[in-house]
Amino acid sequence: MPTTPLIAYTHVGKTFDDGRVVAVDDVSLEVAEGEFLAIVGGSGSGKTTLLRLANRLIEADRGTIKVEGEDVRTLDPVLLRRRIGYVFQSGALFPHLDVAANIGITPKLLGWPAANISARADELLELVRLDKTHRDRLPHELSGGQRQRVGVARALAAKPRIVLMDEPFGALDPLTRDALGDDYRALHEKLSLTTVMITHDMTEALLLADRIAVMRGGKLLALGRPAELSDSGDPYVGELLRTPRRQAERLNALLPRGDAA
Amino acid sequence: MSLVSDPRWGEALTHLSDYLGNHVRVSVTALALGLIVSLPLAIVARNRPLFRGALLGIASVVQTVPGLALLALFYPLLLALASVTLGWFGFGFSAFGFLPAVLALALYSMLPVLRNTITGLNGVDPALTEAAKGVGMTPRQSLLTVELPLALPVIMAGIRTSAVWVIGTATLSTPIGQTSLGNYIFAGLQTQNWVFVLFGCLAAAVLALAVDQLLALIENGLRNRSPARAALGGIGIAALIAATLVPTLARTSSTYIVGAKTFTEQYVLSALMAERLRANGLSASAREGLGSNVIFDALAANDIDVYVDYSGTLWVNQFHRSDAPPREKLLGELKSILAKQNITLFGELGFENAYALVMPKKRAEALGIRSIADLASHAATLSIAGDYEFFSRPEWAALQKAYGLSFRAQRTMQPDFMYAAVASGEVDVIAGYTSDGLIAKYDLEVLDDPRHAIPPYDAIVLLAPRRAGDQALQAALKPLLGKIDIADMREANLRASGNDAASSPVAVARWLWDRIGKR
């Protein structure tokens, strides 16, 4: 990639429980500006830890992590998190705040004037395709998909260049999930974001991401575009790719072109 | 007379603004202090298991101390502290009434607030605290804007529990000199005035319920983001406090405070003295129901101005003397000991309220018993009953030693029941009190103590150091000295133990004055 990487991991390591659990083991990885990277792996593969190292929700033991060219250890973690969008699993919206307040939380922390925060909330509701009537609702009054749309809006509110997503669509039904994935991908393009998304679902990763990183046991097994992964000789990567492939073939056979509803 | 039309309801009502006002002030201050200390402690302790364990442990231990004992313990503690600050920094403070009550109640209020705040904060979904961190909140912002609001219902439940406890327990602050709704209860229990007891309990219950509901309104308002409701609750509490402050501020405080311990005779005598002061144009109020461990120190510290104590009580309990010199010698010595503390022994009222061995007159005549010496030869076949402390008191040891007394059986009894028990023959002899009205009622005989094993218990009027040279006070009380004989006091006590309007301490005090005033 010609551009300088927006996120760069170099020989990063992280252990838990006094070294008994190795979460991330000597991972080096670069995410280019404008790129959509998906990190795929099973539970315990270290993918969530790797993501959280980037905004210092977790501190690395070894190696360096640079965000926009700056070593994160030299940055104030609170200020760092305010300039990186983060979408949590199943939303994690604050249940006592209405939709607008949830969206406006980071701008408020950054000290934006109230009028700007309010205008930004309206703008984001439109961006994530939520009706303005949702503005004053509380999270429990929304559907799962609507909640995650607010979660995305909250992550984008302070106009970050980077968005980190932790299995953002995992808990949604397949249709909602597909729609949200597509909508987010469009936003990614429109806003020239750099996105790192964690998922355990290879199909989702293949459909949304530019490149895919495969993790297992804390190690980075493979990294590349879908076609490059396909050429990987690693048996685990092959196994991960087999399912979407087989599903695609069966669906093709079951639903000949033109019959799809 | 029916309960509803009883005139004592009206009398109870006249005290309401004073008792309720004091009760609200002491409860609200204690609760506020408890919150100011407990909330930050809980916030600091929630993530520190060792500290949290120790804190909750201590608060739980405090909670197991009976309220009355906790309040009583704070008095000597503060008294010692006051003397230290006086010695080191040149200023003291009153360890009487408000301060010990507030501190003890604040301590008492801590457990529910600590426990619920810690439980509430630790119960916040970790995904939300993680999200708070992820969107860029500092730990403080996360606490204030996410964790505390989410834990609020649990925290408020703790505060409401605390408020109800404190308001209930504050009734026990009467014996350490803090006026409260407990004044109704303590006075009522001692003088068999069930209207007062009921009134005090009802007033405390209504107050507790009202505060609980106002706090519920605040909680509801905060939870449902309705500032109007929260404000309404806040205004309600503020109005309650203001309402109790206004009448107190408007009233000029009494110049003279007359103390009384927690038994009937003391209520009558303090009412009598307050009445005499007022009759002489002095403003006076009674501070009743003070614990006997508190009242002497309160006088020495000028927190009260005058009260009646008993020479033997001071001799044995206050100055820890085990000898029993003759009456005149004891009084003389007592006077000089008291003078060292600048307390004036103003004089004797004329009667004694001593421990005495008492038995039915007919039984005593039949057995030919007139004195304890006569009793000794019959003791082996007789049983004796005393109050909770009698058999561990030096008087009992002295009696046994002087007369070689050895009874067949000894029992401990509630004082009110002793007299009936000896009258009915359930026990043969009781260790009663010489001025008790029931002696006359049950036709009992007080046995002589020819060897003076029991020290004299003359009722004596004590004046606070600052009243040592107060001519107006002394002129007002002088007519009482030497005027009240044992028969007067027994009858007064008997009247005051009745259960009707004429048996209120004030009414009995008037009766007593009518009887002795012209002598």
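## Basis of the description

Residues are numbered from 1 along each chain as its sequence is written, while chains are lettered from A and ligands numbered from 1 in the order in which they are written. Because the model is predicted, local features need pLDDT of at least 70 and side-chain atom pairs count only at pLDDT 80 or more, whereas totals for chains, interfaces and linings use all residues.

## Helix α17 of chain B

Helix α17 of chain B covers residues 415-423, and B:Met418, B:Tyr419 and B:Val422 are buried in it. Helices here are DSSP runs of H or I with at least four residues, strands are runs of E with at least two, and both are numbered from the N terminus; a residue is buried if 20 or more other C-beta atoms, placed from the backbone, lie within 10 Å of its own, exposed if 12 or fewer, and partly exposed in between. Seen down the axis of α17(B), the buried residues fall within an arc of 90°, so they line one face of the helix, the arc being that of the directions from the helix axis to the C-beta atoms.

The face turned away from that buried side carries the exposed residues B:Asp416 and B:Phe417. The buried residues of α17(B) pack against β5 (355-360), β6 (383-386), β8 (429-433), α18 (438-441) and β9 (444-446) of chain B, and the helix is followed by B:Gly425, whose phi is positive, near 85°.

## Helix α21 of chain B

The twelve residues of helix α21 (residues 505-516) of chain B should span 16 Å at 1.5 Å a residue, and the end C-alpha atoms are 16 Å apart, which agrees; the expected span is 1.5 Å times one less than the number of residues. In α21(B), B:Pro505, B:Val508, B:Ala509 and B:Leu512 are buried, and they fall within an arc of 105° seen down the axis, so they line one face of the helix. These buried residues pack against α10 (264-279) and α20 (486-496) of chain B.

## The nonpolar core

The largest nonpolar core has 226 residues, and those with the most contacts inside it include A:Ile39, B:Leu105 and B:Leu462. Helix α4 (residues 98-122) of chain B gives the most to this core, with 14 residues.

## B:Val37

B:Val37 lies in helix α1 (residues 8-45) of chain B and is partly exposed, with 16 other C-beta atoms within 10 Å.

Methods:
Contact = placed C-beta atoms within 7 Å. Core = buried A, V, L, I, M, F, W, Y, C linked by C-beta atoms within 7 Å.
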